[in-house]
Amino acid sequence: MQPIKVSIVDDQQLIRSGLSMLISSRDDLTVTGEASNGQEAVRSAHVRAADVVLMDVRMPVMDGIVATRALLEHNTAVKIIVLTTFDLDEYALDAIDAGASGFLLKDAPPEQLLDAITSVFHGDAVIAPSTTKRLLEHLVTPKRSTPSAEYDADVAALARLTAREREVLEAMAQGLSNVEIAAKLFVSATTVKTHVGKVLTKLGARDRVQAVVLAYRTGIV
């Protein structure tokens, strides 16, 4: 099996070097590209061809949000993990709306970062209970307090879920994997995967991250 190709986009050389050393410590991961800002990333054939991109949010020339959207226009298969700090968390949610597969805080444990890379590569999303729940609550609660057409559409989408699908969505928002959800609901992992697919379809969500954001935005979690 070929190693997962990872690219790193960050304006700080020290961070790029540290992440590169960490990623290279795993036999199933390999660093194939680096860029110091979003514009360099979009122009780099190595970054565009990566399986997973670790993307900083605030960078000169072109920020991570614009770069995320541009990279996905070049390659819809690329998975992007946004790296951020808690005091810049509003940018993280904007990046997810732009198409990122999730986000991590920059002080996340190394093992969590490495696991996140393999998770998004295999089609999952970065939903770490220890960070994402706190971050989403901070971000989404103010938006939920203001009536909007988007909020009404989210509520209408939730109404289309069955009781079981709603349970699965709530478990997803708690950061549980399919296997963990299966154990919690006493069903098979295959059944959970089917439910997750139906949840994403009914909510019009691209991935688990968007579904979880909607769950927080509407207040069901």
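Take the contacts in this protein between residues with a separation of 6 or more: 68% of them link residues 24 or more positions apart. Keep in mind that what you're looking at is a predicted model. The protein has 221 residues, and 48% of them count as buried. Its secondary structure comes to 12 helices and 5 strands.

Let's start with the strands. The 5 strands make up an open sheet, and if you read across it the order is E2-E1-E3-E4-E5, with parallel pairing. At the edges you'll find E2 (29–35) and E5 (102–105); each has a single partner strand, so one side of each has no neighbour in the sheet. From one strand to the next, the twist averages 25 degrees.

Now zoom in on E3. On one side, E3 (residues 52–56) runs parallel to E1 (residues 4–9), and 4 bridges join the two. You can pick out some of the pairs by eye: valine 6 has valine 52 of E3 as its bridge partner, and valine 9 has methionine 55 of E3. E3 also pairs with E4, again in the parallel sense, this time over 5 bridges. Here, leucine 54 sits opposite isoleucine 81 in E4.

How much of E3 is buried? The count is 5 of the 5 residues, so the strand is largely enclosed by the rest of the structure. In a regular strand, side chains alternate between the two faces of the sheet. You can follow that in E3: Val52, Leu54 and Asp56 point one way, while Val53 and Met55 point the other way, and all are buried. Notice that an aspartate, Asp56, is among those buried residues.

H4 (residues 64–74) touches both E3 and E4 (79–84), and its direction makes about 160 degrees with that of E3.

Next, a stop in a loop. Histidine 122 lies between helix H6 (110–121) and helix H7 (129–144). Is histidine 122 buried or exposed? Its relative accessibility is 58%, and the cut-off for exposed is over 50%, so histidine 122 counts as exposed. Look for lysine 79 as well: along the chain it is 43 residues apart from histidine 122, yet their C-alpha atoms are separated by 9.6 Å.

Finally, head for helices H11 and H12. H11 covers residues 189–203 and H12 covers residues 208–218; they pack at an angle of about 65 degrees, and their axes are 10 Å apart. Angles of 65 to 115 degrees count as roughly perpendicular, and H11 and H12 are therefore roughly perpendicular to each other. Their crossing is left-handed. Which residues of H11 and H12 meet? From H11 come Val196, Leu200 and Leu203, and from H12 come Arg208, Ala211 and Leu214. Sorted by type, the residues of this contact are 5 nonpolar, no polar and 1 charged.

An α-helix has 3.6 residues a turn, so residues three or four places apart point the same way. After H12 comes glycine 219, and its phi is positive, near 90 degrees.

Methods. Residues numbered from 1 in each chain as written. Predicted model: local features only at pLDDT ≥ 70, side-chain atom pairs only at ≥ 80, totals over all residues. Heavy atoms only, no water. Axes fitted to C-alpha atoms, helices over the stretch in contact; angles between N-to-C directions. Parallel < 35°, antiparallel > 145°, perpendicular 65-115°, else oblique. Left-handed = near helix turned anticlockwise from the far one by under 90°. Contact = heavy atoms within 4.5 Å. Nonpolar A, V, L, I, M, F, W, Y, C, P; charged D, E, K, R; others polar. Pairing = 2+ DSSP bridges. Buried < 20%, exposed > 50% of the residue type's maximum accessible area, 1.4 Å probe, protein only.
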